[in-house]
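Hi everyone, thanks for coming.

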Amino acid sequence: MTAVRNLGILAHVDAGKTTVTERMLFLAGEIHKRGEVHDGTTVTDFDPQERERGITISAAAVACEWNGHRLTVIDTPGHVDFSDEVERSLRVLDGAVAVFDAVAGVEPQSESVWRRADRYGVPRIAFVNKMDRAGADFDAAVASIRARLHPAALAVHLPIGAEAGFAGVVDLVRMRALVWESGTVTVSPIPAELEQIARERRRLMEEAVAERHSAALEEFYARPGLSDVTLAAALRELTLSGEIVTVLCGAAYRDIGVETLLDAVVEYLPSPLDRPPVRFEWLCGEPSEPVLTPDPSDPLVALVFKVQGTGSGRRTFVRIYAGTLRKGESVLDVGAGRTERIARIVRVQADRHTEVEQAVAGDIVALIGPKSARAGATLCAPDAPVLLEPPVAAEPVVSVAVEARTSADTERLAVALARLVEEDPSLVVRTDPESGQTLLSGLGELHLEVAVEKIRRDRGIAVSVGRPQVAYRETVLRGVSGLRYRHVKQSGGPGQFAEVVLDVEPLDAAMDFEFGSTVVGGRVPPEYVRAVAAGCRDALAAGPLAGHPVIGVRVTLVDGATHPVDSSERAFRMAGRLALRDALRACEIGVLEPTAEVTVTAPEEDLGAVLGDLAARRARIADSLPRGTEVIVTAIAPLAEMFGYATRLRSRTHGRGTFTARPLGYERAPAR
């Protein structure tokens, strides 16, 4: 298991993730011809929409062998609309390679995925790609990583040549030059003109490592300096702990630097044995410490992180955390409460697969057989039921109305939408209570556009789509205190009685809901307090102004009363729901709208037109940074105002402007 690496490729859109993955597979001998994104011939972007649009839409798993190690690589999407795919992949990965554009450095989505990796404690190495582009600057890219992502980003490479003349790197760990010509690497001494700067940078790297690693510190003062072996070992330990990020560089499209990246994956990123034990919840007693270690002899525990519908059936992708899974065995789907038989186990190579007889702890494989398991489900041995923490699905911010163009397709559309939601938990389907329309909600315009196109192509259903609408929220601006509500119901037999007194006050809108209790003297038993909290959550589903969900509210149960016979958890849940509804009607309520951080790159001469258009969209300019003949403008804008912005920006900048947007949260909407 020490020779296993499960890693993801993370980056902003167009940083070159898919090209890096393609070159890794080629060098490892898994493919015999390099595919290109612009030709639609890459292994991981196999979906027709991915090839047409030139972007990664769905995370794709591939595997290869390098220096005696088995690498499972997940190529993740770079577009913000598909960030939920990244989130679910990070949940099951042991390490990651963050790819950056040598010209742009840290971009908005690369920062977003980096923070997600921080949340799951995933060790990373960085690869500065596209070093052969005009304007490429390795030092500036490393500086942006230090400034925006990680203060201890240590460059282990020194570029040889610049822009179109970029030919290779100086390996500062082993103090040698690596030069590529026609895809073949040659190892040679460091060029004389770079020897002095290479020694200076090696010394700075040694000092940075010695500051953070006790064994390296002892050797640093004893020699002085560090041996290559000690430096490499210390870099690995510090990478695994997250104290540093090693930074490499290359140009994947020209086959420069990918071998060194593969070597770094093996040398610095963790195996399943290097990761901290995974915590879980026992569902039947607690016979031992509730942590998992990757032991193949333990009872099976696996997490479903992706479900994919294919022409040959349903694939359920899992990461096995403990135990051994064998073909033909039955497993318990904890969430669905049912036992499923595993018909086949396959190792997936994008859209191809190889069948295996078994998979062990540390493996990422796809299963054929489970019918009900969804992303986030725990599969385990039936006689040892446990529950793993699932990845959190992103909350949709944009909705469109969808309907079949013919009544004959209405039922087929409902089935197709259910399948979409099963495969992508960040999509939500609901019925508008006022209009009766079916609403499909997602993370952005492109997300919904891809989903609708999938229905049209895969299911052959003609679909009409309404205009996009954003997901508004309501919040408490001024609360109320001491609202008393008594729930009494008699209908023959046992009745219902519950009395609660609530305080309601505003909460930071970044937080959804907070519930507390100050009840003393046992006036409301703990089990009834939990029921009140559940009832309050029920009441937040629809606010008093326009029926939008309510966020940013703190509710405190300050008093209550019970009946010796008629009180129950059901009665107190109902009392909590109805009491909070009444309280919200008495509060001052405001409407919140979703906002996005918009980063626009445009020619300098078009800056005035870009700023004027953003101002008309109620955007607040946060920053403006010149970069060569271009200007990068960062603004905070209401998401509702950004529909159709791509077309408008192209017309304002004569086709030369581009932008990215990532959701930020909610802000107070202006009065209508």
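F220 is buried, because its relative accessibility is 7% and the cut-off for buried is under 20%. Please keep in mind that this is a predicted model, so every number I give you is computed from that prediction. Now, is Y221 buried or exposed? Y221 counts as exposed, with 63% relative accessibility.

F220 and Y221 make up one of them, in an edge-to-face arrangement, with 5.4 Å from centre to centre and 85° between the planes.

Let me show you another pair. Y528 and F572 are stacked, with 4.7 Å between the ring centres and 15° between the planes. Which helices do they come from? Y528 sits in helix α12, residues 526-539, and F572 in helix α13, residues 569-586, so the pair ties together parts that are 44 residues apart in sequence. Y528 is buried at a relative accessible area of 14%, and F572 is buried too, at 0% relative accessibility.

R124 lies over the face of W114, 4.5 Å from the ring centre.

Let's turn to the domains. The domain assignment lists domain 1 (4-268), domain 2 (280-388), domain 3 (405-466), domain 4 (473-586) and domain 5 (593-668). Taken over C-alpha atoms, the centres of domain 3 and domain 5 are 29 Å apart.

Next, a proline. Where is P549? P549 is in the loop between α12 and β34, the latter spanning 550-551. With a relative accessible area of 29%, P549 is partly exposed. What does P549 touch, once we leave aside neighbours within four places in sequence? Its contacts are Y472, R473, E474, L540 and A541. As for G442, which is 107 residues away along the chain, its C-alpha atom is separated from that of P549 by 16 Å.

Now for some empty space. Rolling a probe the size of a water molecule over the atoms shows where such space is left. How many cavities of 30 Å³ or more are there? The count comes to 1, and the largest cavity has a volume of about 80 Å³. Its lining includes A61, V62, A63, R70 and T72, along with F317, R347 and V348, and also I364, V365 and A366. Four strands each supply at least two residues of that lining: β2 (60-66), β3 (69-75), β19 (344-349) and β22 (364-368).

I'll finish with the backbone. Most residues other than glycine have a negative phi, and most peptide bonds are trans. Here are some places to look at with that in mind. The peptide bond from R223 to P224 is cis, with omega near -5°. P224 is in the loop between α7 (214-222) and α8 (228-241).

E163, which is not a glycine, has a positive phi near 50°. You'll find E163 in the loop between β7 (157-160) and β8 (168-171), partly exposed with a relative accessible area of 35%. D255 is not a glycine either, and its phi is positive at about 65°. D255 lies in the loop between β11 (245-249) and α9 (258-268), and at 15% relative accessibility D255 counts as buried.

Technical notes: Residues numbered from 1 in each chain as written. Predicted model: local features only at pLDDT ≥ 70, side-chain atom pairs only at ≥ 80, totals over all residues. Heavy atoms only, no water. Phe/Tyr/Trp six-rings, centres within 6.5 Å; stacked < 30°, edge-to-face > 60°. Buried < 20%, exposed > 50% of the residue type's maximum accessible area, 1.4 Å probe, protein only. Lys NZ or Arg CZ within 6 Å of the ring centre and 35° of its normal. Domains from an automatic or database assignment. Contact = heavy atoms within 4.5 Å. 1 Å grid on protein atoms, 1.4 Å probe; cavity = no way out; pocket = protein on both sides within 12 Å on 5 of 7 lines; lining within 4 Å. Points joined across faces, edges and corners; volume = space filled by probe spheres on them.
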